[in-house]
Structure formats: structure tokens, C-alpha cells
Amino acid sequence: MTNHFDEQNLLDHWQQVNHQVMEACTNAKGRENGGVDLLAVSKTKPAEMIAFLAKQGQRDFGENYLQEALEKIKALQKRAEATHIVWHYIGHIQRNKTRDIAENFDWVQTVERDIIAKRLHNQRPDDLAPLNVLIQVNIDNEDSKSGCLPEALPELVATIMEYERLQLRGLMIIPAQADTDAFARTKQLFDDIKKVHPELRAWDTLSMGMSGDMTAAIAHGATMVRVGSAIFGARN
Ligand SMILES: *Cc1c(COP(=O)(O)O)cnc(C)c1O
């Protein structure tokens, strides 16, 4: 990772993505501007790029690779322009990595089974706010994919609700490319859970849509899009 990058180029792309998100909100019937959060996915990109965007006002950053993420979080901890950053873990979670995630992140979007949720709950430090959690749903029932199967979702929701060191916020998906209907089905799941559990007051986040499909995801009810390459350029 080199720290040299073209600031104007990064700024242009970030502004374009912000514009695209705003336009998608305006076009989606009944959505208001500002109803969608932009998660800047900074995996493989240097801490200096993150610091630069944070200074422009970007708040949410997503990381996939734990070791790399921890180094960047540490490097940015004492930087004035980075104090407002909200860190999201969006990579696959191995059992032996839960402590680092619980201690260093504000959100985790890839919880898919109880054993992981339970460990995050037990390991979240008491002096930190509850860890915000999204359940990753394997919306296409793909063998190769991470995520909780839709039919197992009600039980996992009920379990995680009991963990007071976790704050259950909603769902996250990475749909198969050919599945044009995945956004709508996930929105339905999201609304159904809200109906069954009105006591879930913080159930407010539907994380779907990436660089190539953020507009479609917003049209179908996404409240957070996770965008990497359209902001930072191609990954090496
Ligand atoms: C890498 C990644 C993204 C961003 O993908 P782009 O196509 O570069 O926007 C979003 N979500 C997850 C879970 C990712 O791993």
C-alpha cells in the first residue's frame, strides 16, 4: 500500500458517488434525500485515503481484512480529522477473530450464526456502546456463500435480540449477480421482521448495493450502500 494518491481524483469520485446516491434517493418514490448512508469500502486502500475522505466529511468506512483494518484504525486513532469515523467490519468472521472485532469496530455487518453473535456479545468491552449488528442473509441459498439462510433468520433474530451488548440494526446481503429480484425479497424480509418485532426499535438498516448496483438497491429500499471501487478505484 503506497500512500501516494491523486487527491483531486479521489475527491471527484467520492462526490460523484454521493451525487448518484442522492439522485437515486430522489428518484425512489417516497424516499427523502439523506435517507441512505454511504459506506466507503476502503479495503486494500491506504490510511491516507481514508483520512483525506474523513476530512471531507465521510463518516462510515468498511473493511474486510481484519489485520489490515486494525493497522489502519490504529494509525488513524490520534488523527484529528479521523475522530468521527465509524468503522464497519464487512468481511467473513472467523471464530478466533471475534475479540478484535468486538474491541475495535462500531458495526459488524456479517453476522450469520449464533456462535459468532454470542462471542461478540461476550467480548464487547463494557466501556463501549453496544456493537451494532447486521445479519448477513444468504438470499440466494448459494452453497458457496456466507450468510444465514432466509428460513433460519427468525430464530437468529430472536437470539441476537437477547444479547444486550449487541444492538441489532438490520440485514445485509451480497446477492448473486443474476438475481435481479434479491433486493425486493430482502426488503420484504426486513419489513416482515419489523412487523413481528415492533420492540426492535433500532431496526433501521438495510445494507445492500455496491459500486455496480447501488441505484437499483436504493430503489428497492436500501438504507446503506457499500461502495468501494467507484470511490477508490480498482483494487490491486
Ligand atoms: C468489497 C466489498 C464491497 C465493495 O465492492 P465494490 O464493487 O468495489 O463497490 C461491498 N461489500 C462487501 C461485502 C465487499 O466485500
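These are my notebook entries on a few places that I looked up in this predicted model.

**Ground rules.** I number residues from 1 along each chain as its sequence is written, and my side-chain values use heavy atoms, with hydrogens and water left out. Since this is a predicted model, local features need pLDDT of at least 70 and side-chain atom pairs count only at pLDDT 80 or more, while totals for chains, interfaces and linings use all residues.

I found lysine 43 in the loop between E1 and H2, where helices (H or I, at least four residues) and strands (E, at least two) are DSSP runs numbered from the N terminus. Lysine 43 has a relative accessible area of 14% and is therefore buried (buried is under 20%, exposed over 50%, partly exposed in between, with a 1.4 Å probe and protein chains only). Leaving aside neighbours within four places in sequence, I noted its contacts (heavy atoms within 4.5 Å), among them Asn64, Tyr65 and Arg235.

**Serine 42.** Serine 42 is in the loop between strand E1 (37-41) and helix H2 (47-56), and it counts as buried because its relative accessibility is 0%. Beyond four places in sequence, its contacts include Ile50, Phe61 and Phe232.

**Aromatic pairs.** I searched the whole structure and found four aromatic pairs (ring centres of Phe, Tyr and Trp, the last by its six-membered ring, within 6.5 Å; planes under 30 degrees apart are stacked, over 60 edge-to-face, the rest tilted). Phenylalanine 5 and phenylalanine 52 form an edge-to-face pair, 5.9 Å centre to centre with 70 degrees between the planes. This pair links distant parts of the chain, for phenylalanine 5 is in the segment before helix H1 (7-27) and phenylalanine 52 is in helix H2, 47 residues apart. Phenylalanine 5 counts as partly exposed because its relative accessibility is 22%, whereas phenylalanine 52, at 12%, counts as buried.

**Leucine 189.** I placed leucine 189 in helix H7 (residues 182-196). Leucine 189 and leucine 153 are 36 residues apart in sequence, with 8.9 Å from C-alpha to C-alpha. Not counting residues up to four places away in sequence, leucine 189 touches Val137, Ile139, Pro150, Leu153 and Leu171.
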